[in-house]
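Trainee: I would like to go through the labels used for this model and see what each one rests on.
Mentor: Then ask about them one at a time.

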Amino acid sequence: MRRTDRLFDIIQILRDGKLHRAQDIADRLEVSVRTIYRDMDTLAASGVPVEGERGVGYMVREQITLPPLNLTPAELEALNLGMAIVAEAADPDLKAAADTLADKIDAVLPTQVVAEADTWKFAVYPFADAARGLAYMAPIRAAIKSRQKLHLSYRRIDGVLTERTIRPLHMEYWGRVWTLTAWCELRHGFRVFRIDLIEAVSPLPEIFADEPGKRLSDYDPHA
């Protein structure tokens with residue numbers, strides 16, 4: 001498993017807001033506890049709101065502090081999305097301003113110092129990867145709101161391109177990693193898709209209704 005993919009899996013484990021021991025995470029991902037310790041340092045340095053300590057456990061904080069403001073994860077998501085959009089603008093002045101603003105925000109976010117060689121790619125390039133797939137976020141959000149099914153062309157982490165029909169339920173932002181939680185009709189179960197791995201999105205002329213077992217409230221990330 002590539003380190004980037006393992007870090008993504010750790011985020012999925014921590015997303016329930018509960019305290020998780022490093023040993024339990026290590027057993028689940030089949031790596032050493034020392035590896036999990038390094039990964040937690042990397043996630044914290046990349047802006048993921050992780051708190052905890054060795055020998056106790058780790059969890060995701062509910063609030064991210066940006067002095068002198070207190071930002072919720074949703075507010076930080078909106079801020080990063082806005083900067084990512086501006087960074088893609090043709091106006092060179094706006095693009096430069098977005099880059100410098102991103103640097104200023106990264107400088108004051110709570111981080112831990114780690115060697116550059118050990119940092120996560122999303123931390124080294126804060127918005128390059130977040131901006132990938134940005135064009136699909138508007139139709140995905142619209143489909144979530146209208147309960148419209150979507151057809152996805154999705155490049156799995158192993159490089160295989162798959163075609164999926166999904167019921168989009170929820171989008172989240174995890175330290176520059178955007179995810180989409182959905183009910184996948186191909187797999188007949190919940191799936192979490194990385195937005196940066198989506199290659200095409202097509203709205204379908206089908207509206208879905210809430211069905212027991214297929215609602216966001218039914219989703220259990222540890223099932």
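This is a predicted model: local features need pLDDT of at least 70, side-chain atom pairs count only at pLDDT 80 or more; totals for chains, interfaces and linings use all residues.

Mentor: Residues are numbered from 1 along each chain as its sequence is written, and side-chain values use heavy atoms, with hydrogens and water left out.

Trainee: Why is T35 called buried?
Mentor: Buried means under 20% relative accessible area, exposed over 50%, and partly exposed in between, with a 1.4 Å probe and protein chains only. T35 has 13% relative accessibility, so it counts as buried. The residue lies in helix 3; helices here are DSSP runs of H or I with at least four residues, strands are runs of E with at least two, and both are numbered from the N terminus.

Trainee: How do you know that the side chains of Q23 and D27 make a polar contact?
Mentor: The term needs a pair of N or O atoms within 3.5 Å; within protein, one must be able to donate a hydrogen and the other to accept it, and residues adjacent in sequence count only if both atoms are side-chain atoms. The side chains of Q23 and D27 are joined at 2.8 Å. Those of T35 and S32 are joined by a polar contact of 2.9 Å.

Trainee: What makes the buried residues of helix 2 line one face?
Mentor: In helix 2, residues 22–29, the buried ones are A22, I25, A26 and L29. Seen down the helix axis, they fall within an arc of 100 degrees, so they line one face; the arc is that of the directions from the helix axis to the C-beta atoms. An α-helix has 3.6 residues a turn, so residues three or four places apart point the same way. The buried residues of helix 2 pack against helix 1 (3–14), helix 3 (33–45) and strand 2 (57–60).

Trainee: Why are helix 2 and helix 3 called roughly perpendicular?
Mentor: Angles under 35 degrees count as roughly parallel, over 145 as roughly antiparallel, 65 to 115 as roughly perpendicular and the rest as oblique. Axes are lines fitted to C-alpha atoms, for helices over the stretch in contact, and angles run from 0 to 180 degrees between N-to-C directions. The axes of helix 2 and helix 3 cross at roughly 105 degrees and come within 8 Å, and the two helices are therefore roughly perpendicular. Contact means heavy atoms within 4.5 Å, and here it is made by A22, Q23, I25, A26 and L29 of helix 2 with V33, I36, Y37 and M40 of helix 3.

Trainee: How do you know that helix 1 is also roughly perpendicular to helix 3?
Mentor: Their axes come within 11 Å and cross at roughly 85 degrees. That value lies in the range for the term, so helix 1 is roughly perpendicular to helix 3.

Trainee: What makes E30 exposed?
Mentor: Its relative accessible area is 73%, so E30 is exposed. E30 is found in the loop between helix 2 and helix 3, and has a positive phi of about 60 degrees although it is not a glycine. Most residues other than glycine have a negative phi.
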